[in-house]
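Take a moment to look over the sequence and the structure. The paragraphs below walk through them step by step.

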Amino acid sequence: MSDEIRRRNEDLSSLDKDYATRYGFQDPVNYFHKGARGINHEVVEMISRMKKEPAWMTERRHEALDIFSSRPMPKWGNTEMLSKIDFDNIYYFMKPIEHQQTSWDDVPEYIKKTFDRLGIPEAERKFLGGVSAQYESEVVYHSMREDLKKQGIIFLDMDSGLREHPDLVRKYFGTVIPTTDNKFAALNTAVWSGGSFIYVPPGIDVKVPLQAYFRINAENMGQFERTLIIADKGSRVHYIEGCTAPVYSTDSLHTAVVEVIALEDSYMRYTTIQNWSRNIFNLVTKRASAYDNATVEWVDGNLGSRLTMKYPCIQLMGPGAKGEILSVAFAGKDQHQDAGAKVIHAAPNTSSRIRSKSVSKDNGRASYRGLAKVHKNAVNTKLSVECDALLIGEEARSDTYPTMEVDNDQVKVEHEARVSKVAEEQLFYLTSRGLTEDDARLLIVNGFMEPFTKELPLEYAVELNRLIELEMEGSIG
Amino acid sequence: MPDQKALFEFNEIRVEVDDKQIVPGVSLKILPGEIHAIMGPNGSGKSSLSNALMGHPDYAITWGEAFLDGRSILSMSADERSRAGLYLAFQYPLAIPGVTVANFMRAALQAHRGKGADMSDFRKLFKAAMKALSIDPSFATRYLNEGFSGGEKKRVEILQMAVLNPKMAMLDETDSGLDIDALKIVSEGINRFHNDSNGLLLVTHYQRLLNYVKPHHVHVMIHGRIVKTGGPELALKLEELGYDWVEAEYVEGTGV
């Protein structure tokens with residue numbers, strides 16, 4: 001944590017301390033469109049019709065619904081929690097306003113207030129090249145800097161992307177994560193709405209991050225954003241997303257699909273900080289294909305939710321491709337963060353690095369579930385996996401499920417896994433310098449997270465430290 | 001009742017570790033401006049005593065009383081003792097991964113000054129303290145004690161003392177692991193810290209440090225008791241003859 005971040009933290013210290021007051025507010029909304037609960041082919045048809053989609057997409061959705069319905073629930077992960085999802089009680093599509101706005105002034109007051117409270121678009125003015133704000137199913141506000149538009153960079157919400165660039169979308173949609181990949185990817189494909197569509201032309205370096213913000217407001221809402229990012233040859237781009245939802249007594253569902261295509265020599269970083277309320281099931285499929293000499297980096301932070309199952313994946317498809325996955329998860333009371341990473345080495349001279357850090361507190365549970373696969377032709381590859389878990393309290397739990405499948409012998413593999421507790425000795429050292437035990441514990445946890453925090457843009461680092469502080473409050477040794 | 005003149009005073013302190021008595025009863029009185037040294041062979045209980053006085057949870061004080069500036073400290077937690085002005089430079093300081101020396105130092109000083117207190121002078125103060133101890137500026141952004149050599153750790157302990165400026169500092173084997181140049185720098189730092197109103201308790205096996213930091217009183221601790229007290233000359237005698245003669249004297253005296 002730099003001094004600058006520290007200073008910003010102090011500036012922020014007057015903010016409300018409680019998630020419920022900070023993010024947990026709910027807006028009373030008269031929805032432009034609020035469908036019925038539950039899912040069937042009529043709902044899918046209605047979504048597609050409202051969006052005036054081309055026939056191929058409508059068809060894709062219907063197929064996906066059949067796949068979703070025919071697939072059993074996963075038999076791994078936290079099956080007990082998964083069995084609590086009541087698919088019939090969820091709203092699959094809600095449209096808060098009729099048209100998307102490009103001027104902040106035109107966004108309805110209640111939504112504006114929401115995003116103002118969350119610091120959007122203040123952040124946009126400060127350091128972003130473009131911003132997209134999604135409320136329930138649809139993107140309500142979108143803007144991008146003129147100079148970026150002129151360079152040919154496309155940054156749209158996914159619905160507009162499909163409308164304005166149907167060929168590009170058709171070429172890549174579902175190519176990295178096919179509908180049949182898993183039950184939740186199928187569900188997303190059937191009812192997806194919103195998300196980001198980004199295309200960076202060859203050789204273009206997008207110097208400022210592009211950002212999207214996802215907000216679930218309604219109870220029993222399902223948010224199914226679909227994101228597709230294409231970094232063309234030799235381009236560079238950094239995309240960031242943040243997510244929050246209010247606190248309700250019954251559950252909501254967030255099931256996103258994110259596909260990234262990094263073509264030859266390109267560089268793509270995708271940063272996520274998810275901070276869901278504790279009644280959200282967060283089941284996300286994220287996967288990237290990196291072609292010759294391309295680099296893909298997932299920087300993935302998971303806080304909140306009831307259950308998160310998320311394993312960002314990188315497929316190293318071309319020689320010289322590189323992948324890096326850095327993730328942190330914070331599992332507080334009654335939460336299960338089942339997060340991890342996957343790398344598939346499918347070409348020679350590829351390298352990957354996975355670093356996973358988790359903190360479990362109270363009876364929270366953090367699992368690392370990972371797969372590293374090296375195909376037979378992927379000679380001269382390097383891969384390293386490092387898992388680091390920190391436990392706070394006697395009931396906290398951490399598990400590691402690493403899988404390695406290496407099909408050739410010209411591979412350099414490193415694997416490390418550590419589980420540690422906040423040591424009494426460390427606490428004593430810090431308290432002997434005047435820090436209270438709570439402050440000392442927070443400092444140790446922030447230190448533990450540091451390798452992750454320092455990868456974030458300043459605003460996000462500040463925010464993450466604040467969130468960790470909220471999570472740590474009132475924790476017992 | 002505490003002695004009104006004493007800066008730091010403890011009486012009949014007994015220390016237990018894992019239900020085993022390590023220190024059966026030690027008393028000492030340190031006046032403002034005084035430097036005391038407790039010397040003793042390994043296992044004499046001197047480190048246990050200083051850890052217990054600082055409030056280490058593994059070192060239980062089962063008997064006795066201790067006062068800092070007339071305030072009873074034994075019911076205080078370690079952080080309260082620190083904020084009351086007590087300091088312990090550790091023999092083996094722990095690493096805190098991910099926490100930079102500068103951020104740790106700032107957090108500690110903030111804790112001493114109170115939340116929300118002005119910290120605008122911190123950077124200057126911290127830099128000056130680093131410079132005075134010949135600590136490379138790059139250490140500010142290194143993680144606390146991670147990958148530090150023994151000597152670097154000791155220097156950083158003295159750095160913390162300089163920044164926090166406690167009333168009473170206990171230094172546990174601060175000279176161990178230091179080469180002669182580092183010993184000089186660290187000693188200079190200790191002497192710079194010392195003034196007429198604060199106190200120092202040097203806990204050490206060897207008298208090496210005492211060549212540079214001159215104690216007013218030297219105490220010999222054996223089997224958890226102070227068995228002999230004298231001036232600086234006592235330290236020299238220990239250096240020359242070792243601890244056996246004190247132990248022999250003590251055993252004779254007690255008739256053990």
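What follows starts with chain B, moves to chain A and ends with a few single residues.

This is a predicted model, where local features need pLDDT of at least 70, side-chain atom pairs count only at pLDDT 80 or more, and totals for chains, interfaces and linings use all residues. Residues are numbered from 1 along each chain as its sequence is written, while chains are lettered from A and ligands numbered from 1 in the order in which they are written.

Begin with the overall form of chain B. It has 8 helices and 10 strands. Helices (H or I, at least four residues) and strands (E, at least two) are DSSP runs, numbered from the N terminus. The C-alpha trace of chain B spans about 60 × 40 × 35 Å along its principal axes. For 256 residues, a compact globule would have a radius of gyration near 18 Å, and chain B agrees with its 18 Å. That radius is taken over C-alpha atoms, and the globule rule is 2.2 Å times the number of residues to the power 0.38. Of the 256 residues in chain B, 45% are buried. A residue is buried if 20 or more other C-beta atoms lie within 10 Å of its own, exposed if 12 or fewer, and partly exposed in between, with C-beta atoms placed from the backbone. Among the contacts in chain B with a separation of 6 or more, 71% join residues 24 or more positions apart. Two residues are in contact if their C-beta atoms, placed from the backbone, lie within 7 Å.

Now find the sheet. In which order do the 6 strands of the open sheet in chain B stand? The order is S6-S7-S8-S3-S9-S10, and the pairing is mixed. Strand S6(B) (86-89) and strand S10(B) (225-230) stand at the edges with a single partner strand each, so one side of each has no neighbour in the sheet. From one strand to the next, the twist averages 20°. Two strands pair if DSSP finds at least two bridges between them. Strands of a sheet pair through backbone hydrogen bonds, either parallel or antiparallel.

Strand S3(B) covers residues 35-39. It pairs in the parallel sense with S8(B) over 5 bridges, and also in the parallel sense with S9(B) over 4 bridges. Met39(B) stands opposite Thr204(B) in S8(B). Ile38(B) has His219(B) in S9(B) as its bridge partner. His219(B) also stands opposite Thr229(B) in S10(B). S9(B) and S10(B) run antiparallel, joined by 5 bridges. How is S3(B) covered on its faces? Ile35(B), Ala37(B) and Met39(B) are buried on one side, and His36(B) and Ile38(B) are buried on the other.

Helix H1(B) (residues 46-54) lies across S3, S6, S7, S8 and S9 of chain B, and runs at about 145° to S7(B). Helix H5(B) (residues 150-164) packs on the sheet and touches S6 and S7 of chain B. Its direction makes about 165° with that of S6(B). Axes are lines fitted to C-alpha atoms, for helices over the stretch in contact, and angles run from 0 to 180 degrees between N-to-C directions.

Helix H3(B) (residues 101-113) has 11 of its 13 residues buried, including Phe104(B), Met105(B) and Leu109(B). Gly114(B) follows H3(B), with a positive phi near 105°.

Turn to chain A. Helix H13(A) (residues 437-453) and helix H14(A) (residues 458-472) pack at about 145°, with axes 10 Å apart. Arg441(A), Leu442(A) and Val445(A) are among the H13(A) residues that meet H14(A). On the H14(A) side, Ala461(A) and Leu464(A) are among the residues taking part. Where the two chains meet, the contact takes 24 residues from chain A and 23 residues from chain B. H13(A) gives the most to the side of chain A that touches chain B, with 10 residues.

Finish with two backbone details. Most residues other than glycine have a negative phi. Asn293(A) is not a glycine, yet its phi is positive, about 55°. Asn293(A) sits in the loop between strands S14 (280-290) and S15 (295-304) of chain A. Ser134(B), also not a glycine, has a positive phi of about 50°. Ser134(B) is partly exposed because 14 other C-beta atoms lie within 10 Å.
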